[in-house]
Amino acid sequence: MTAFAAGPRWEAVCRYARLQPERGVAALLGEHQVALFRTFDGRVHALGNIDPFSGSAVLSRGIVGDRAGVPTVASPVYKQVFSLVDGRCLDDPAVGVPVYPVAIVMGWVRVGLP
Amino acid sequence: MPGRDLPGCFVYRTLDDLDAITAAAARAVGSRAAGRRSAVVVGGGLLGLEAARALRALGLSPQVVEIAPRLMPVQVDDGGGALLRRLVEAQGVAVRCGVSVTAIGEQRGRLVGRLSDGVELDADLVVFSAGIRPADALARAAGLPLGERGGVLVDARCRTGDEHVWAVGECAALEGRTYGLVAPGYAMAEVVADRLLGGDAVTTPADLDTSTRLKMLGVDVASFGDAHATAPGALEVVVDDPVAGTYAKVVVGHDARTLLGGVLVGDASRYASLRALVGAALPADPVALIAPGGVELGTEALPDTAQVCTCNAVTKGALCAAIRAGAHDVAALKAGTRAGTSCGSCVPLLRTLLAGAGVEVPTALCEHFGFSRAELFEILAGSGIRTFSELVQRHGTGRGCEVCKPAVASILASLGAGHVLAGEQAALQDTNDHFLANLQRGGTYSVVPRIPGGEVTPAGLITIGEVARDFGLYTKITGGQRIDLFGARVEQLPAIWRRLVDAGFESGHAYGKALRTVKSCVGTTWCRYGQQDSVGLAVELELRYRGLRAPHKIKAAVSGCARECAEARSKDFGIIATESGWNLYVGGNGGFTPRHADLLVSDVDTATLIRIVDRFLVFYIRTADRLQRTARWIEAMDGGLDHLRAVVVDDDLGICADLEAAMDSHVEGYADEWRGVLDDPEKLARFVSFVNAPDAPDPTISFGTERGQPVPVSLGLPEVAR
């Protein structure tokens, strides 16, 4: 998380306290729909919110957990599982969703947009 | 004691005693006298507490009188006894310690127990459960020496005063002391068997395992080994947390390296693993063994000589040998070694041993738990664990997934853990249960208010129509005789439900693995052919079982005559009226593999019918696999429908009272989930489209029109090959 390196444009999304452990929320950042997840260890991950299998903007509503130690979210539509670390679909390696950098600054969750 | 033979006084020993107590309790509760009916239980040991809890469940107010300064004086110490008393009192059982009952008298048709401190207790019945009295009459008549407090006196060989006579079990007084537990009886029997074969086995009181565990709702207590630190130089390590309601003590040898015994109150989930370690070197610091969040004992910490099943004296070494010889599931281990066949508390350890030996447990729910849903249900019900985090930390690995989390959430709901979105439970729910609505194509939700029995007033229909019109929802009649409203966005759900709840509607649980509907035909009220009031019964059943969560959805129906217009035999439970009552069919199913329900009982009255359905549903909820409908559950059951009938109709397992109590507590605890959300700002806060733009509609959702109603339109997002 290189918060102040050149590149991403950082947008404040919500207070960190607004995120519930092991649950996601959706954020609307311009044309980007982002799903934010707070895992059990307190980290925050940001993925694209659109489930590539159904086309619906619902990944933020999936169940957070882990597969062999990798933190994951399962799409609530057809239950494919995505890695929160790199956005890869663990059930279909050809598919993935975008991953966004996250920074927590003064209690605010910021997401880096390309 | 004067008066101990008065009518209304009972001992708590045989099944006949229990029947007599149950009948007397029912008579007392049924009497029209003013005030609560009460019972005095003499003796606050294991059996006394069990008796008091049972009397409470029968509707009486029990008072336990224990002569010792604390409850279960043989098993627990003062510290554990203080907490135990609190837990027992919280179950509605009054406790008086340090006093004895000196006489029982009669007054105005009731009993009065006089206590040694002068207090008089009114009671409708008195139950004596003050220790066992050895059945030593035969030995007495034969002139054999007896123990000071009864029992046939035996020496370390279990031989009586006559060298040709041996005694084992509860009638034997080993060095003057008798034992009312199964393990010492087995140990004595082994000594005698060895002696008869010419061996030289002996046993002493110190060798006998007197471990005990009392498991009843809200009270979990266990004691094992040298619980009172009687060994010379023994050290006691105590972790006492009155806030959490747990007390744990381990007794270690003077070198602080050997575990000798312990006491666990409030949370005895470590009982099996600690008990197996008695006599072995401690695998960790004693405090860490009992502190919350301390060391979790795996089976690898146990030496081969440790007894995993102390009831039947089966060691870890013997179990590992059986696994190597091909016993690859719990049933095979039980059959081959007898481990886990008496009290069953070591069954989780058997499973851990199997997993440790690299045996794949086929019933494992997912990578996070080596247990089936039914086993997880037992663990949660028995241990008192009520959060996923604690469960996965103690009995699983990792942080769960979309398979185990909703399964655990469902079990927690069945155990009465409060609102499905309360606390950590919210994170376990599938999106449907999380938003209390059904996710549909495109990311919108559908809304189904409950319409019990399919009966709805014109005003109710108008409300539903107005809500659909005002929020632009598509409406369709469902197969379960209610109305589904499609196309609601997440942020609209609270406003939609505000209108529905204000008009008297409540959640239909169409989103949950739960009771859906009880469909009905029109019955005797209107139908010329109807034999019974099918609508009335369907409404009563739907209101009774609403909100009931289960391994899968449950559908039901009631038909008013054999013409079967409600299609009851395609349901999980279906009821068809007869001339004189009702026939109950179970295990019907539409779905991929349709199946007609089978007749469980015939021509029963309404009260009997409801009790059998209660038992059937709770038995299903407790023992079915995840996502197993009743049809597949009955098919997979050993003994099938006949076994089911033996359990829920004939009560062969003796669990029906417990099943009924569980359903009663569901019915009492029911509250509308949607009202629970509307009344709670914290839960309401989740119903937003975007955390940074709570009211902005999702731009990917859009609608067209078809046959005069809104329908979702795909915005042509990139197709993905699947």
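## Strand 8 of chain B

Which residue of strand 8 of chain B does B:Val41 stand opposite? In this predicted model, the residue opposite B:Val41 is B:Val127. The two strands concerned are strand 2 (residues 38-42) and strand 8 of chain B, which pair in the parallel sense over four bridges. Strands of a sheet pair through backbone hydrogen bonds, either parallel or antiparallel.

Strand 8 (residues 125-128) of chain B also pairs with strand 1 (residues 9-11) of chain B, again in the parallel sense, over three bridges. There, B:Cys9 stands opposite B:Val126. Strand 8 of chain B is covered on both faces. B:Leu125 and B:Val127 lie on one side, B:Val126 and B:Phe128 lie on the other, and all of them are buried.

## The five-stranded sheet of chain B

Chain B holds an open sheet of five strands in the order 23-24-25-26-27, with mixed pairing. Strand 23 (515-520) and strand 27 (598-604) of chain B are the edge strands, each pairing on one side only. On average, neighbouring strands of this sheet are turned by 15° against each other, direction ignored. Strand 23 of chain B runs parallel to strand 24 (residues 554-559) of chain B, and four bridges join the two. B:Ser520 has B:Val558 of strand 24 as its bridge partner.

Helix 18 (residues 534-545) of chain B packs on this sheet and touches strand 23, strand 24 and strand 25 (573-577) of chain B. The direction of helix 18 makes about 175° with that of strand 23 of chain B. Helix 19 (residues 606-623) of chain B lies across strand 25, strand 26 (582-586) and strand 27 of chain B. Helix 19 runs at about 10° to strand 26 of chain B.

## A helix pair in chain B

Two packed helices are described by the angle between their axes and the distance between the axes. For helix 8 (residues 316-324) and helix 9 (residues 330-337) of chain B, the angle is about 120° and the axes are 10 Å apart. At that angle, helix 8 of chain B is oblique to helix 9 of chain B. The crossing of these two helices is right-handed.

Helix 8 of chain B contributes B:Ala318, B:Leu319 and B:Ala322 to the contact, while helix 9 of chain B contributes B:Leu333, B:Gly336 and B:Thr337. By class, this contact has four nonpolar and two polar residues, and no charged ones.

Chain A has 10 strands and zero helices. Of its 114 residues, 48% are buried. Among the contacts in chain A with a separation of 6 or more, 46% join residues 24 or more positions apart.

Between the chains, 31 residues of chain A are in contact with 27 residues of chain B. On the chain A side, strand 1 (9-15), strand 2 (23-29) and strand 5 (63-67) each supply at least two residues. Strand 2 of chain A gives the most, with five residues. The side of chain A that touches chain B has 19 nonpolar, five polar and seven charged residues.

## Individual loop residues

Two non-glycine residues have a positive phi: A:Glu22, at about 60°, and B:Met72, at about 40°. A:Glu22 is placed in the loop between strand 1 and strand 2 of chain A. B:Met72 lies in the loop between strand 3 (61-66) and helix 3 (78-90) of chain B. A residue counts as buried if 20 or more other C-beta atoms lie within 10 Å of its own. A:Glu22 is buried because it has 24 such neighbours, and B:Met72 is buried because it has 25.

B:Gln440 lies in the loop between strand 19 (438-439) and strand 20 (445-447) of chain B. Is B:Gln440 buried or partly exposed? It is partly exposed, because 17 other C-beta atoms lie within 10 Å. Apart from neighbours within four places in sequence, B:Gln440 is in contact with B:Tyr445, B:Ser446 and B:Phe486. B:Gln440 and B:Pro712 are 272 residues apart in sequence, with their C-alpha atoms 9.5 Å apart in space.

Terms used:
Residues are numbered from 1 along each chain as its sequence is written. Chains are lettered from A and ligands numbered from 1 in the order in which they are written. This is a predicted model: local features need pLDDT of at least 70, side-chain atom pairs count only at pLDDT 80 or more; totals for chains, interfaces and linings use all residues. Two strands pair if DSSP finds at least two bridges between them. Axes are lines fitted to C-alpha atoms, for helices over the stretch in contact, and angles run from 0 to 180 degrees between N-to-C directions. Two residues are in contact if their C-beta atoms, placed from the backbone, lie within 7 Å. A residue is buried if 20 or more other C-beta atoms lie within 10 Å of its own, exposed if 12 or fewer, and partly exposed in between; C-beta atoms are placed from the backbone. Ala, Val, Leu, Ile, Met, Phe, Trp, Tyr, Cys and Pro count as nonpolar, Asp, Glu, Lys and Arg as charged, and the others, Gly among them, as polar. Angles under 35 degrees count as roughly parallel, over 145 as roughly antiparallel, 65 to 115 as roughly perpendicular and the rest as oblique. A crossing is left-handed if the near helix is turned anticlockwise from the far one by less than a right angle, and right-handed if clockwise.
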